Amino acid sequence: MSTTLNLTLQVWRQDGPDAAGRFETYQANNIPDDASFLEMLDVVNEDLIENGKVPIEFPHDCREGICGTCGVMINGRAHGQEKGTATCQLHMRKFNDGDTIAIEPWRAAAFPVVRDLVVDRSPMDAIIQAGGYITAPTGTGGDANDTPIPKEAADSAMDAAACIGCGACVAACPNSAAQLFTSAKVWHLNSLPQGQPERYKRAEAMVETMEQFFGSCTNHGECSEACPKEISLDFIAYMNRDYIKSKRFNRKLAGQG
Amino acid sequence: MAAPTLARGKSAQRPIRPKRRELPFPLNLYQTAVGKKWVMAVTGLMLLGFVVFHALGNLKLYLGAVEHNGEAVWDIDLYGEFLRELLVPLFPRTYFLWLLRFGLMGAFALHIHSAFTLTRMNQSSNSRYQSKRDWLAANFASRSMRVTGVIVSLYIVFHLADLTWGLSAISPDWERGEIYNNLILSLGRWWVALIYIGANIALCIHIFHGAWSMFQSLGLNNPRWNSLRRSVAAGLAGAILLMNLSFPIAILAGVVEAGEPEVSLESNE
């Protein structure tokens, strides 16, 4: 049996990047508890449209926790109160009837608000780009198991590659640091044999691009708690290690990436 | 149709702080936040080493008086002289001690400077939430590092003025070289003891987060002993607090008292 919830929403509304934002209060009535958080927002928007009002803009795409598009602050927590869950996977049965829910966009100087709950996360793309990419056609990929990869390295790389780039780590960080995101992307490649040729170059380029936009790590651990993929803080240490190694031994000059 | 808000390809945004020209090694380490955190961890380790040995050395307070060259002396005064005479045939007296002191001063300067610049960087990267934040992992220690750091550095100035320089305004009974009596007379005053206890609690909180954070900043991470890192930090912070708090408590309780050292020389005959 499905029950329904009546909720009070306090949603951040902002008409554009330069407009002043404000909280607006909405009633979300008769929300089925099977609905996801985004479906709840859909219901509210339907209502707003029917009443001739501007619907709430919120980021979303796959709605199954793999694209990393959705993500809002829900009651002061990135992606809401459930651990290891993206906003789209958060269900309304986790809330109680009569709850007041505060919804705010990610906040960081590098994440300017585009409109309402949508922010511009393109600095994260800049970090990915700094990691290097192939522009020349190099034929098809090699056969599986062409390159022997230790199981532990494969596991570690896979854990890092779980990052969906949603930006919750930056949003949850009191310093707006992107260390967890960057380290996951760095370690995803640096832990694998295929990533070794440019290992140190990549660590330097990605860290230095990150620092043009984001803050520094003070090891609070908020990022890992907020992460819908539960990326480990360990990757931050690995990234720091590769970065310092690269600088200390000047591997760039030594022709080691 | 409205123009697309997000640009494709190159990042649509300009960097908050564009990359500067890279300085030669090792100065380039200090140009980036990851490098600064590394410097902060290394200097923090040096300062932590000092705090541990300072507390261990002070435990000599409890050994009281010993016989030295046929004279009764306070053991901690003897230890103070040992520090001044460190590596004496190699260096003139107090030279090596000053070398250590300059090392500590340099570590302090870099620790504080990196903290200051990183704080500025974080503030410029930040944008405040308007609704109430709910902290999950950040604890009191990690969020109060800047406050406890300032408390500890202010206290160090007071502590030096009180016991090292012996400023007459703060410690009128201070005499050079009389470590045992200076310490007891100073900490025997309730307001000095109160400042001392407060500063040491701040130091303990600072070390609790700093000693753990250090491992991450240095990249010291190994699944084999990662679970020990928190315990090492908590153990260090707790042990240092226990040792340091024992001094004012013992002094106020009258366990150790100021005066002239006395030993029964008969036992040595």
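Residues are numbered from 1 along each chain as its sequence is written, and chains are lettered from A, with ligands numbered from 1, in the order in which they are written. Because the model is predicted, local features need pLDDT of at least 70 and side-chain atom pairs count only at pLDDT 80 or more, while totals for chains, interfaces and linings use all residues.

View 1. Chain A has 8 helices and 7 strands, where helices (H or I, at least four residues) and strands (E, at least two) are DSSP runs numbered from the N terminus. Its C-alpha atoms fill a box of roughly 65 × 40 × 40 Å, taken along the principal axes. Of the 257 residues of chain A, 47% count as buried; a residue is buried if 20 or more other C-beta atoms lie within 10 Å of its own, exposed if 12 or fewer, and partly exposed in between, with C-beta atoms placed from the backbone. Chain A is divided into domain 1 (4–114) and domain 2 (121–249), the bounds coming from an automatic or database domain assignment, and the centres of these domains, taken over C-alpha atoms, are separated by 29 Å. Where the domains meet, 18 residues of domain 1 are in contact with 16 residues of domain 2, contact being defined as C-beta atoms, placed from the backbone, that lie within 7 Å.

**View 2. The side of chain B that touches chain A.** The contact between the chains takes 46 residues from chain B and 48 residues from chain A. On chain B, helices α1 (33–58), α3 (95–125) and α7 (190–218) each supply at least two residues of the touching side. The residues on this side of chain B divide into 20 nonpolar, 19 polar and 7 charged, where Ala, Val, Leu, Ile, Met, Phe, Trp, Tyr, Cys and Pro count as nonpolar, Asp, Glu, Lys and Arg as charged, and the others, Gly among them, as polar.

**View 3. The largest nonpolar core.** A nonpolar core is a set of buried Ala, Val, Leu, Ile, Met, Phe, Trp, Tyr and Cys residues joined through C-beta atoms within 7 Å. Of the 110 residues in the largest such core, A:C169, A:V170, A:A171, A:A178 and A:M239 touch the most other members. The largest share of this core, 12 residues, comes from α7 of chain B, and domain 1 and domain 2 of chain A both give residues to the core, so it lies between them. Leaving out residues up to four places away in sequence, A:C169 touches A:A178, A:L180, A:F181, A:C223, A:A226 and A:C227.

**View 4. A:G215 and its contacts in both chains.** A:G215 is placed in the loop between α6 (199–213) and α7 (222–226) of chain A, and is buried, with 28 other C-beta atoms within 10 Å. Not counting residues up to four places away in sequence, A:G215 touches A:C173, A:N175, A:S176 and A:A177 as well as B:M121, B:N122, B:S125 and B:N126.

**View 5. B:L104 in helix α3 of chain B.** B:L104 lies in helix α3 of chain B and counts as partly exposed, with 15 C-beta neighbours inside 10 Å. Apart from neighbours within four places in sequence, B:L104 is in contact with B:M46, B:L47 and B:F50. The C-alpha atoms of B:L104 and B:M46 are separated by 7.2 Å, although these residues are 58 residues apart along the chain.

**View 6. Backbone geometry at selected residues.** Most residues other than glycine have a negative phi, and most peptide bonds are trans. A:R63, in the loop between α1 (37–50) and β3 (73–74) of chain A, has a positive phi near 60°. B:T94, in the loop between α2 (75–84) and α3 of chain B, has a positive phi of about 70°. A cis peptide bond, with omega about 0°, joins B:F25 and B:P26, and B:P26 is found in the segment before α1 of chain B.

How values were computed. Contact = placed C-beta atoms within 7 Å.
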